[in-house]
Structure formats: C-alpha cells, structure tokens
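Hello,

I am passing this structure on to you. Please have a look at it before reading my notes below.

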Amino acid sequence: MSKIYILISILMVSNLSQLISQNRFEDDFEINHNYWWVGEDQNIVSKIENGKLTLDFKADNAFRVNWRELPINYEKDFQISAEFKQNSGIIDHGYGFVWGSSDISNLYYFIISSNGYASIFCKDNGNWQAIKKWTKFEGINEIGEINKLKMVQKNKKLQFYINDELFFDSTGYRPFGKYIGFIVNNTMEVEIDNLIIDYSEPKILVVDNPVKNTNRENLGLYINSKYSEITPIIAIDNNEIYFTRKDDPENLGGKGNDDIFYARRNKEGSWDKAIRLGAPLNNDGHNAVVSLSADGNSVLLMNQYSADGKTLKGGGLSKSYKTIDGWSIPQDVTIKKYYNKNKNFWENQFLSADNKILLMAMQRDDSYGDLDIYVCFLENGEYTEPKNLGPIVNTFSSDYSPFLAADGKTLYYTTSGYPGYGEDDIFMSKRLDDSWTNWSEPKNLGDGINTNKNDAYFVLPASGEYAYMTTTMNSNGGTDLISIKLNESAKPDPVVLVYGKVLDSKTNKPIGTDIIVNNLSNNKETAIAKSNPISGEYKIILPYGQLYAFLAESDNYYSISANMDLKSYSEYKEIEKNLYLTPIEKGTILRLNNVFFEYDKFDLSPESNAELDRLYNYLASNDNIKIEILGHTDNQGSNDYNMKLSNNRANSVRNYLIQKGISNNRLIAKGYGATKPIKDNATEEGRQFNRRVEVKILEN
C-alpha cells in the first residue's frame with residue numbers, strides 16, 4: 001500500500017447538526033441540512049447531489065477531509081456507520097472515516113482501499129501511529145460497489161466493521177473529538193451516503209419466562225465471608241462444593257493469593273462450614289479448582305504445579321486425583337499447540353461430565369475478541385489443539401466462564417458481546433451438531449440472574465434444578481456465592497445420574513479403579529470415571545436414548561460388565577448400579593452380561609461386539625488361560641430344545657473368538673439348557689437372568 005502523506009485542510013462550519021431523535025442522528029444527504037462544506041478548493045470538489053455526498057480529489061501524495069462537529073457522546077455506547085462507494089481513481093489508496101479534535105492534533109482514520117486492504121491510523125497529541133497496519137481483508141467490495149463502514153463503542157471498547165464483518169477490536173484505544181467526517185487519499189472520487197450515529201439500546205434476547213430475583217438465595221456464612229468467594233464448582237449430585245476465597249490474610253500465600261475451599265451438604269440440606277484445603281492443592285500461589293469430574297474423584301486445577309506441589313511453575317492446567325492418602329500431587333494436563341495471549345484468566349476452563357471435553361476461555365490468533373471460548377477433545381491421554389466455538393457463541397468482546405451442562409449440549413457463559421443488563425451477563429446457547437461451531441442464538445438469562453455489574457461463574461448440578469454463581473448484590477463482603485432456582489426455559493436437557501460402588505465380587509470390599517461406559521449401538525466409549533479408592537463409590541452422567549455397557553477394570557481382576565437401557569427415560573433420574581470385579585482364579589465363573597442374541601436364535605447381535613472384543617483382548621494378552629464357554633436358557637420350551645439352543649449360543653461365542661485369532665484348543669463350548677438356573681423361573685425377571693452366557697476359567 002502507498003503511504004498516506006499528511007497534508008490536510010480542515011473543511012467545517014459551526015452549525016449544530018440535526019438530531020432525528022434523542023437516540024439517533026441520521027443524514028441521508030438528500031439536502032444539505034447538516035451544512036457539510038460544498039464547493040471547490042485546492043484540487044477537491046465536494047458536492048451533494050442525488051442523495052449522495054461526493055468528494056472528488058485530484059491530487060497525488062496528499063489527502064483531504066470533509067468533516068464537521070456532530071452530536072457524539074463518548075460516555076455512551078454507540079454505533080457510527082456510513083456507506084462508501086469509489087467511482088473512479090487509484091484503487092490502492094484509502095478512503096473512509098475521520099474524526100478527532102478541531103485543532104487536528106488528535107485524529108482517527110478508518111480507511112479501506114478498493115483493492116481489498118484496510119487500516120486504522122491514530123494521531124495522538126501530534127504523534128502518528130498505525131493501530132492496525134494495512135491488512136488484506138476479504139470482505140471489501142471492489143471499485144464501483146458499496147462498502148459499509150461501522151464503528152461500535154461498547155463498554156468503553158471500540159470495534160471496527162467492514163460490511164458488518166469485524167475488522168479490528170481496538171482494546172486500549174478510545175475515540176476523541178466531536179468532529180466526524182470523511183477522508184479521501186490521492187486521486188479518487190468517492191460517494192458517501194446514510195451516515196448514522198445510533199445510541200438506541202439494542203433489544204435484549206431473553207429466555208422465555210426468565211427467573212425472578214426472588215429465586216436467589218445466599219449460601220450463608222458457613223460458605224461466604226467478608227472476603228470474596230468466586231468460581232463455585234458444584235458436584236453433579238448437588239452435595240459438594242469447591243470454591244476460591246480471595247484476599248483472606250489466612251490464605252497459605254497471604255492476603256494477595258487465592259485458596260481453595262470445600263464444603264459438603266448435610267442431611268438437613270444445608271451446607272456444613274467450608275474448610276480450607278491443605279497441600280498439595282493449596283500452596284503459596286493462586287489456587288483454584290476450575291472443574292470437578294462427574295465421579296467427584298478428580299479435579300482440574302488452575303496453573304501447573306512443581307514436582308513436589310509446593311509452588312506453581314506457571315500457567316496452564318493440572319489434574320489431581322483422590323487417593324487413599326488424600327489428593328495426589330497435581331500433574332500437568334497436556335494440550336496440543338497450547339498458548340494463551342491473555343495471562344489474566346487462567347481459571348476460565350471447564351471439564352465436561354464425561355472427562356472428554358475441555359472448554360477453555362483464551363485469547364489466540366483466531367479469536368474474535370479479547371477472550372474466546374475453545375473446545376479440546378481427549379484423545380490418547382491428551383487434549384487436542386483448541387478449536388474456536390465460532391462467531392455465534394464468541395463475539396468481539398471477552399467471552400469467558402464457560403460451563404457445559406451434563407447433557408453435553410447446553411452452554412452457559414459470560415459475555416458483554418450481546419445486549420445485556422450490565423457489564424457482563426450470563427447467556428445460554430445449545431449445541432446443534434457435533435461440529436462444535438453450530439449453536440443456537442445465545443439468550444440472556446434475564447435480570448433475575450444478571451445484574452448491572454459483572455455476572456459470571458454460573459454452574460449447575462446434573463438435575464439442572466438450581467444454579468450457583470458469584471454476585472456482589474447483598475453480599476457479606478466482596479463477592480458471595482448464591483444459588484438460584486431455575487425455570488424450565490433456563491434448564492439443560494435431562495440426563496441420568498448413575499451411581500454405585502465398585503466391589504470385589506467375592507469379598508464385597510471396595511475397589512478404586514477406572515470405569516468405562518460404552519454405547520452399545522456403535523461400540524464407542526461414552527464416558528470415563530474413577531471409583532473412590534476408599535469407598536469404591538462412583539458417579540457417571542449419561543444422556544437418554546441409548547443402551548450402555550458399564551465396565552470397571554483393575555489388575556488381577558476380570559470385570560463382570562453391566563448394561564443399562566436408557567431408551568425410554570425422558571426426565572432427570574438417579575439410578576444405583578454396583579459394579580463387580582472378579583479375581584482371576586481357576587474355577588472362577590464370569591457372566592457376560594452384554595452378549596445378546598435375537599429372540600429364540602443363536603445369532604449374535606451387533607451390540608455383543610464390545611463385550612466379546614473385551615474378552616478377546618483379555619485372552620490375547622494372557623495366552624496361558626483356557627476357558628469354557630457356558631450357554632444357559634430359562635425353562636420355557638422342551639429340555640432337548642433348550643439344550644440345543646444353549647449349545648449353539650455357546651458355540652457362536654467360541655466361533656467369534658476363533659475368528660478374531662484365539663486358538664481353538666483354548667476354548668471349550670457347552671450348553672447346559674435350563675439345568676443351572678440362578679433365579680426363579682417363575683417370573684420374567686428371573687427367566688431373563690437365567691438366559692445367559694458365562695465363561696469358566698479352566699487354566700490360568
């Protein structure tokens with residue numbers, strides 16, 4: 001691009017411009033009612049004809065402006081826009097907006113060229129600087145076509161748009177001066193039309209039947225203090241809460257640092273007194289839990305820790321697990337191509353209920369504003385490169401504090417990029433497909449939740465009945481934690497909370513181990529969790545509409561898998577299901593709960609693949625083991641028929657394993673018909689238990 005040479009003539013008059021209404025100024029240039037300079041002077045012709053202001057400049061290496069004092073109030077949010085069309089002249093020089101002070105010591109230029117470049121220059125107390133250097137921008141139309149330029153001030157920030165696409169977000173810069181007009185640079189003729197300055201309040205898109213203020217409840221002095229409580233993290237069963245307390249002089253790092261606190265709900269339904277967690281989660285730095293796994297046995301933490309956990313070594317994320325001896329020393333979380341240009345928002349991450357989806361608020365090269373929300377996916381023990389959620393969720397402003405509800409679809413987050421009631425408001429959007437960039441239009445949660453201040457850290461348990469957030473309204477000190485009872489329109493889709501224990505099938509003792517849930521329709525892993533090493537307890541969130549297989553795995557054990565059919569559920573429900581691990585010993589009999597046959601046939605259903613592949617993997621990894629495959633039926637039908645059916649089903653399993661590569665001399669198949677029932681055949685439930693396939697360890 002050619003350089004702009006600074007040779008300027010000030011073309012103005014002192015008449016006040018005409019206000020169309022209290023909140024809007026318009027000039028359609030049908031007549032010169034705003035007294036723009038028209039005439040001919042120093043190689044420029046300015047005229048108003050046919051509803052256009054035309055500037056025809058016939059000189060090289062200089063620029064000229066036509067501007068005047070207009071009713072601009074920088075204390076308010078506003079939009080300034082106009083339409084420009086270059087009719088002739090050089091296409092690699094700029095034209096567009098200019099505004100500043102009458103003595104020309106302070107100026108802004110927002111200019112484009114007809115060959116597809118744009119820039120923003122600033123003259124501050126006589127000193128020139130390029131806020132945005134000449135940059136190629138695909139959204140600029142060619143010579144002879146209209147380009148709309150728009151400047152938006154919102155929350156003391158200025159954004160620049162070209163044809164309604166964001167060109168630049170000028171954090172740290174604000175306009176000055178009341179003289180606003182138009183610039184042409186070098187030989188060109190440009191038409192200007194439809195100049196608008198708009199202060200009108202944009203319409204707030206609110207959820208249906210929003211929550212009222214009466215639904216808000218302070219969590220009380222057992223949780224809140226005279227200091228600031230922030231970042232509430234609620235357990236999926238609504239019975240545990242983690243949060244950060246700021247500025248407390250008793251914090252491990254002193255008043256200037258943050259500590260993690262924890263509380264449980266008691267039998268009466270109220271919160272016990274919160275306790276400050278010890279090492280290694282808290283140390284002398286800024287500590288915060290940013291997410292709690294569905295099982296409650298691992299936490300995602302702000303920052304990364306030293307090898308001994310006593311200090312912080314920098315930004316990023318780490319993870320800690322419950323052990324018999326307490327919380328483990330936090331380990332670094334690996335994210336491919338991770339970087340964050342904004343160093344002040346480390347606590348703005350969220351891990352989904354299934355541990356597979358990581359949401360992060362960061363500023364990166366492809367961000368639309370200061371902070372955008374990104375998604376990472378767990379693959380082979382590490383998270384993928386952050387992917388921007390796209391321009392429906394993310395705006396020119398900071399978008400942060402993401403929370404993905406247990407349904408895996410409903411996103412709550414904080415932004416000032418959409419119209420709201422205060423500085424930053426909480427919004428809700430629904431994911432529409434698996435691209436993670438296609439979302440419903442974000443809706444404001446209403447003034448019963450949002451205030452005229454900054455509102456953030458909005459989280460929910462699995463039921464979706466209540467939300468928790470931070471507020472300064474009626475607080476005991478700085479900021480307090482509150483709960484809010486939600487209306488239906490603000491709730492996520494319903495889910496099922498499955499809970500129980502992982503136990504030794506012989507001793508009934510609890511086992512701490514990994515739990516995996518597969519969707520049997522596609523044999524894909526749906527969720528992962530850990531059981532508590534002391535109690536064996538686990539919790540998992542699952543969406544409706546599928547048949548699932550549960551599997552807990554531990555060394556020297558073979559899991560007796562369980563299944564759960566959630567196809568018929570349609571509202572939030574909590575279901576208890578214990579999982580059993582069986583020690584691998586000679587004579588041990590294992591039931592294959594997730595092997596399915598069509599009614600009265602011995603053809604294996606596709607839903608059986610996950611269970612049989614697991615058995616194959618075990619046998620392939622332990623080539624010394626020999627097994628007998630036992631087929632069983634209920635007592636319906638003749639003995640001969642049941643014996644033949646059970647034998648055929650046992651052989652179907654054997655053939656599957658042989659085809660996968662297991663030697664046939666390690667496998668015996670035998671049918672027992674109805675001779676070995678484990679339940680009473682008098683009921684359908686009992687008969688269902690009796691129709692089964694088992695594996696007996698012959699040699700190990």
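**Strand pairing and salt bridges**

In strand β36, A456 has T470 as its bridge partner. Note that this is a predicted model.

A456 belongs to β35 (456-459), an edge strand. Strands β35 and β36 (residues 466-471) run antiparallel and are joined by 2 bridges. Both sit in an open sheet of 4 strands, ordered β16-β37-β36-β35, with antiparallel pairing. β16 (216-218) and β35 each have a single partner strand, so one side of each has no neighbour in the sheet. On average, neighbouring strands here are turned by 25 degrees against each other, direction ignored.

Next, strand β48 (residues 626-632). Of its 7 residues, 6 are buried, so the rest of the structure largely encloses this strand. β48 runs antiparallel to β50 (residues 692-699), with 7 bridges between them. It runs parallel to β49 (residues 667-671), with 5 bridges. E628 takes part in both pairings: K696 stands opposite it in β50, and I668 is its bridge partner in β49. From β48 the chain passes through helix α2 (residues 639-660) to β49, a right-handed β-α-β crossover.

Now the charged pairs. The count is 33 salt bridges. Three of them are described here.

- D237 and K539 meet at 3.5 Å, N to O. D237 is in the loop between β17 (228-234) and β18 (240-246), and K539 is in strand β41 (residues 537-543), so the pair ties together parts 302 residues apart in sequence.
- R276 and D248 have their closest N and O atoms 3.1 Å apart. R276 is in strand β20 (residues 275-276) and D248 in the loop between β18 and β19 (258-264), 28 residues apart. R276 is partly exposed at 25% relative accessible area; D248 is buried at 6%.
- R691 and D634 meet at 2.7 Å, N to O. R691 is in the loop between α3 (684-690) and β50, D634 in the loop between β48 and α2, 57 residues apart. R691 is partly exposed at 33%, while D634 is buried at 8%.

There is also a network: salt bridges with shared partners join E229, R245, D248, D259 and R276.

One more site is D56, in strand β4 (residues 52-57). Is D56 buried or exposed? Its relative accessibility is 15%, and buried means under 20%, so D56 counts as buried. Its side chain makes a polar contact of 3.0 Å with the side chain of K58. Beyond four places in sequence, D56 is in contact with N43, I44, V45, M188 and E189.

Best regards

Terms used: Residues are numbered from 1 along each chain as its sequence is written. This is a predicted model: local features need pLDDT of at least 70, side-chain atom pairs count only at pLDDT 80 or more; totals for chains, interfaces and linings use all residues. Side-chain values use heavy atoms; hydrogens and water are left out. Buried means under 20% relative accessible area, exposed over 50%, partly exposed in between (1.4 Å probe, protein chains only). Two strands pair if DSSP finds at least two bridges between them. A crossover is right-handed if, with the strands pointing away from the viewer, the path from the first strand over the helix to the second runs clockwise. A polar contact is a pair of N or O atoms within 3.5 Å; within protein, one must be able to donate a hydrogen and the other to accept it, and residues adjacent in sequence count only if both atoms are side-chain atoms. Contact means heavy atoms within 4.5 Å. Axes are lines fitted to C-alpha atoms, for helices over the stretch in contact, and angles run from 0 to 180 degrees between N-to-C directions. A salt bridge is a side-chain nitrogen of Lys or Arg within 4 Å of a carboxyl oxygen of Asp or Glu.
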